[in-house]
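Subject: Structure handover

Hello,

Here is the structure I promised to pass on. My notes follow below it.

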Amino acid sequence: MKQLVFTFLICCFVQMGFSQESSLAKLDTYFETLDQHDKFMGAVCVSRAGDNLYTKSVGYASIEAKTKANPHTVYKIGSISKSFTAVLIFQAIDKGMLTLSTPLNKFFPTIKNAETITIDYLLSHRSGIHNFTDNDFPTWATETKTRSELLKIIEAGGSDFTPNSKAQYSNSNYVLLSYILEIIYNKPFAAILQTDIIAPLKLADTSFGSVKSNPVCSSYKYFDKWRIESDTDCSVTMGAGGIVSTVNDLTIFFHALFSGKLISENSLVQMKTMTEGYGKGLFRMPFGNKIGYGHSGGIDGFHSISIYFPDDEIAYSLISNATNCLVNNLSIAVLNATYNIPFEVPTFAVVQYTSADLDNYLGVYSSEQLPIKITITKRDKVLVGQGTGQPSFDLEASSENTFRFDPAGIVMVFDPDKATLVLKQGGGAFFMKKE
């Protein structure tokens, strides 16, 4: 199942004062090490008051064409598109073309509960409209869809809860918002984005979908080597995830948003106001005692994150087209460097096992602490894990009897003599025994 958003939270303590040049320079070594060990390809940018403090691009825009990434390499930004769409909606509100209380049935009366769903509920994920990217989405995501075709899919999904009774993430909300923009402006979403955000901010490398002047790079996932991913069509994701950009353009966008260049002060307050953890096109993203606002995204093999810290006028953006590690750890390293907090460059020490050695770990493991079982198999000299009903994943040996799957932050510590393993993830440790 493809998701257009990834939950993001940074937890550590921040010292006052900004990074010395040596701390930011250390990031070069950090990202070059990730690249050398097939952990990350992509770009990162940190700016303060609109001036770049650090930028870096590593890896390939296309492995097949051997095209190296550079500062103008264009990536899909996934659900960070929602921040752009929310800004366009608030611009329309500032012009008097909409209000937060405008009902959905004014535009799409056939959607369930349309008479009680408002622009406000769509922006803050309180509509109850089922998330259309669940279920069979991967089977047709690469196909071009017309508005009427996608509306039928959204309508068929129905409602998951009474509007405004709770918050639940749904990409359907922002697809509908982009269609509403097309209706009130009577022009395509791409043209509205170009006229009202891209042109005023001179975002040279940003557009809706891939265009001739902004060809998007390929994305990859790691299965014993980087393998190219599918390419979700932008007509499917619309304002929920169809925008492409660069890290530099994203930092410019967020600086402009928080400095009053795009929407009114009242509209920005509305975007930042959190209800049950959801703002309107923004999430609250803490870094120690610093409060940032932004969004994250994930589509195909792309991962992205953009955060703005208003008190320090710091903008941070990272986009990857190939990630074989926990993206949150990369963000912590960059922000540590930005705020002059020590951080370590990983070593990625790997223990080599023969295929016969791996036989000691094979089997099905279960635990009273978990509802799923973990099946451990092998492929030649690679140990493979798979949870019940979930995709398989390759495990990398980091020390004797210890294996890791960094993209999900999974560590498995085996005890072959006792036929057990301890699964560590997200701060939890779960004891499992071979059946």
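Which residues does Leu104 touch, not counting those up to four places away in sequence? The list is Pro109, Ile111, Ala114, Ile117, Leu122, Ile129, Leu176 and Ile180. Please keep in mind that this is a predicted model.

Cores

Leu104 belongs to the largest nonpolar core, which has 74 residues. Together with Phe84 and Ile197, Leu104 has the most contacts inside that core. There is also a second, separate core of 33 residues. Val46, Tyr54, Tyr339 and Ile341 are among its members. As background, nonpolar side chains tend to be buried together in soluble globular proteins.

Overall build

The protein has 10 helices and 21 strands. Its radius of gyration is 22 Å, close to the 22 Å that the globule rule gives for 435 residues, so the protein is as compact as a globular protein of that length. Along the principal axes, the C-alpha atoms fill a box of roughly 70 × 50 × 45 Å. Of the 435 residues, 53% are buried. Take the contacts with a separation of 6 or more: 66% of them join residues 24 or more positions apart.

Strand E1 and its partners

Strand E1 covers residues 40–48. E1 is mostly covered, with eight of its nine residues buried. E1 pairs with strand E13 (residues 314–323) in the antiparallel sense, over nine bridges. Within that pairing, Phe40 has Thr323 as its bridge partner. E1 also pairs with strand E2 (residues 51–58), again antiparallel, over seven bridges. There, Ala43 is bridged to Ser57. E1 and E2 make a hairpin with two residues between them. Ala49 sits in the turn and has a positive phi of about 55°.

E6 pairs with strand E9 (residues 243–245) over two bridges, in the antiparallel sense. Ser207 has Val244 of E9 as its bridge partner.

Helix H9

Which residues of helix H9 (residues 265–272) are buried? They are Ser267, Leu268 and Met271. These three cover an arc of only 100° around the axis, which puts them on the same side of H9. The general rule is that an α-helix has 3.6 residues a turn, so residues three or four places apart point the same way. The buried residues of H9 pack against helix H2 (81–94) and helix H8 (247–258). Glu265 and Asn266 are exposed, on the face of H9 turned away from its buried side.

Cysteines

How many disulfides does the structure hold? The count is zero. For Cys45, the closest cysteine sulfur is in Cys217, 16 Å away and too far for a bond. Cys45 is buried, with a relative accessible area of 1%. For Cys217, the closest cysteine sulfur is in Cys234, at 15 Å, which is also too far for a bond. Cys217 is buried too, with a relative accessible area of 9%.

Best wishes

Notes:
Residues numbered from 1 in each chain as written. Predicted model: local features only at pLDDT ≥ 70, side-chain atom pairs only at ≥ 80, totals over all residues. Heavy atoms only, no water. Core = buried A, V, L, I, M, F, W, Y, C linked by side-chain atoms within 4.5 Å. Buried < 20%, exposed > 50% of the residue type's maximum accessible area, 1.4 Å probe, protein only. Contact = heavy atoms within 4.5 Å. Pairing = 2+ DSSP bridges. Helix = DSSP H or I, 4+ residues; strand = E, 2+ residues; numbered from the N terminus. Arc of directions from axis to C-beta. Disulfide = S-S within 2.5 Å. Rg over C-alpha atoms; globule rule 2.2 N^0.38 Å.
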